[in-house]
Amino acid sequence: MDFTAGLMPLETALTQMLASITPLSEQETLPLLSCFGRVTAADIVSPLNVPGFDNSAMDGYAVRLADLVAGTPLPVAGKAFAGQPFHGEWPAGSCIRIMTGAPVPAGCDAVVMQEETEQADNGVRFTASVKANQNIRRSGEDITQGATVFAAGTRLTVAELPVLASLGIASVAVVRKARVAVFSTGDELQLPGQPLAEGQIYDTNRLAVHLMLEQLGCEVINLGIIPDDPQQLRAAFLEANRIADVVLSSGGVSVGEADYTKTILDELGEIGFWKLAIKPGKPFAFGKLPDSWFCGLPGNPVSAAFTFYQLVQPLLAKLSGNTAHSLPARQRVRAATRLKKSPGRLDFQRGILARNADGDLEVSTTGHQGSHIFSSFSQGNCFIVLERERGNVEAGEWVEVEPFNALFGG
Ligand code: AMP
Ligand code: MG
């Protein structure tokens with residue numbers, strides 16, 4: 001039986017979308033503190049060796065191996081501190097007191113840590129064998145001058161920016177922020193803080209999308225709620241297209257319910273309305289407006305946030321020049337609870353990944369998986385990824401899980 005007729009696999013949709021995206025070429029130079037989450041516009045080459053000079057990894061004593069005679073103490077001829085090197089005469093048969101980070105004095109073969117010494121009347125006695133090079137951090141052993149530290153297309157985080165600070169680099173050329181316009185469509189939508197008329201609901205999607213865009217380092221242009229009215233929708237699409245690189249709408253993409261959305265988009269650009277073989281998030285639209293790319297998210301809040309996460313997030317990464325975007329690696333664990341599923345779509349249920357009493361990772365369901373149950377993102381910490389053709393899962397069966405990234409608090 002073919003469960004999949006007419007439904008596009010997630011991978012196909014993603015490949016088609018990414019193939020049509022041209023990364024932004026404009027760049028700006030910003031101080032390190034403003035670079036979190038931004039993408040390097042060019043290779044960053046090290047102006048220095050790191051460490052910049054041979055230095056001590058320990059508090060202790062700098063020695064020359066030739067001066068060491070087992071059991072014989074050495075007198076201390078001077079001191080070297082971090083930031084205050086020892087420049088004096090180092091007589092044969094003596095050692096130099098040295099602190100962590102201090103440059104090792106010329107001729108030093110090893111640093112003996114304080115814990116392997118004892119004070120004697122006439123100097124310091126070494127209580128363990130001493131090997132050449134021990135406890136010396138060599139110049140350039142982390143990064144060599146002229147080496148490419150981070151290639152163009154690297155997203156800068158707390159893992160990268162302090163490395164640049166350690167190289168004395170104060171600012172970086174990064175790809176400019178993607179400008180993304182976002183609006184919600186629907187006559188039933190109301191702003192939080194306002195009273196609800198009969199049949200109205202509060203707009204959830206615009207906040208979800210706005211927050212995710214900010215976390216991804218985009219410039220957000222929030223155009224509010226647009227009623228299901230062809231005139232106003234057309235004006236919103238035109239305005240969004242004029243000012244943004246990417247236009248994101250939510251709602252009205254299930255064909256048949258909101259035909260005028262489709263009509264307007266067909267008229268303005270080249271938009272494909274897709275039925276994706278995934279759950280949540282079957283209806284999804286993608287295409288090109290005259291001056292921007294367009295993604296139409298489904299109206300149901302879980303579906304909107306989920307399709308943003310799986311499809312728009314990689315699109316924005318590519319647009320922003322990030323060449324190494326990936327979602328957290330999937331892993332195989334046993335289901336701790338029964339999971340309801342019908343065959344036909346790749347299912348991304350929200351799950352709770354935790355260690356059981358035996359210390360093994362296992363996953364349990366967050367409960368109701370309806371595409372209106374947004375709290376499942378807060379209760380869960382991962383997606384339970386269930387293959388298209390799979391049916392119900394019994395407790396104890398192996399399943400794949402994909403931990404949430406930072407967008408959902410992972
Ligand atoms: P639609 O795709 O416009 O037919 O919407 C599908 C479902 O999602 C309906 O129940 C809508 O009321 C709901 N919905 C649409 N947009 C939003 C939104 N921005 N916030 C919360 N729910 C929404
Ligand atoms: Mg609607």
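Is N55 buried or exposed in this predicted model? N55 is buried, at a relative accessible area of 6%, where buried means under 20% relative accessible area, exposed over 50% and partly exposed in between (1.4 Å probe, protein chains only).

The model is predicted, so that local features need pLDDT of at least 70 and side-chain atom pairs count only at pLDDT 80 or more, whereas totals for chains, interfaces and linings use all residues. Residues are numbered from 1 along each chain as its sequence is written, chains are lettered from A and ligands numbered from 1 in the order in which they are written, and side-chain values use heavy atoms, with hydrogens and water left out.

**View 1**
N55 belongs to strand β3 (residues 55-56); helices (H or I, at least four residues) and strands (E, at least two) are DSSP runs, numbered from the N terminus. A polar atom of the N55 side chain lies 3.1 Å from the backbone oxygen of F53. With residues up to four places away in sequence not counted, N55 touches G101, A102, P103, V104, N135, I136 and R137, contact meaning heavy atoms within 4.5 Å.

**View 2. Packing of helix α3 against helix α6.**
Helix α3 (residues 205-215) packs on helix α6 (residues 301-319) at an angle of about 25°, and their axes are 10 Å apart. Axes are lines fitted to C-alpha atoms, for helices over the stretch in contact, and angles run from 0 to 180 degrees between N-to-C directions. The two helices α3 and α6 are therefore roughly parallel to each other; angles under 35 degrees count as roughly parallel, over 145 as roughly antiparallel, 65 to 115 as roughly perpendicular and the rest as oblique. The crossing of α3 past α6 is right-handed, that is, the near helix is turned clockwise from the far one by less than a right angle, with anticlockwise giving a left-handed crossing. From α3, N205, V209, M212 and L213 meet P301, A304, A305, F308 and L316 of α6. The residues of this contact of α3 with α6 divide into eight nonpolar, one polar and no charged; Ala, Val, Leu, Ile, Met, Phe, Trp, Tyr, Cys and Pro count as nonpolar, Asp, Glu, Lys and Arg as charged, and the others, Gly among them, as polar.

**View 3. Buried face and end of helix α3.**
N205, R206, A208, V209, H210, M212 and L213 are the buried residues of α3. These buried residues of α3 pack against β13 (179-185), β16, β17 (246-250), β21 (292-297) and α6. Just after α3, G217 adopts a positive phi of about 80°.

**View 4. Packing of helix α1 against helix α6.**
Helix α1 (residues 10-20) and α6 pack at an angle of about 25°, their axes being 10 Å apart. This makes α1 roughly parallel to α6. α1 passes α6 in a right-handed crossing. L10, A13, L14, M17 and L18 of α1 form the contact with Q310, L311, P314, L315 and K318 of α6. By class, the contact of α1 with α6 comprises eight nonpolar, one polar and one charged residues.

**View 5. L223 and E219 in strand β16.**
L223 lies in strand β16 (residues 219-226) and is partly exposed, with a relative accessible area of 25%. The C-alpha atoms of L223 and A181 are 6.8 Å apart, although 42 residues separate them along the chain. Beyond four places in sequence, L223 touches A181, V182, F183, A236, E239 and A240. E219, also found in strand β16, is partly exposed at 37% relative accessibility. With residues up to four places away in sequence not counted, E219 touches K177, A178, R179 and V180.

Terms used
Polar contact = N/O pair within 3.5 Å; in protein donor to acceptor, adjacent residues only side chain to side chain.
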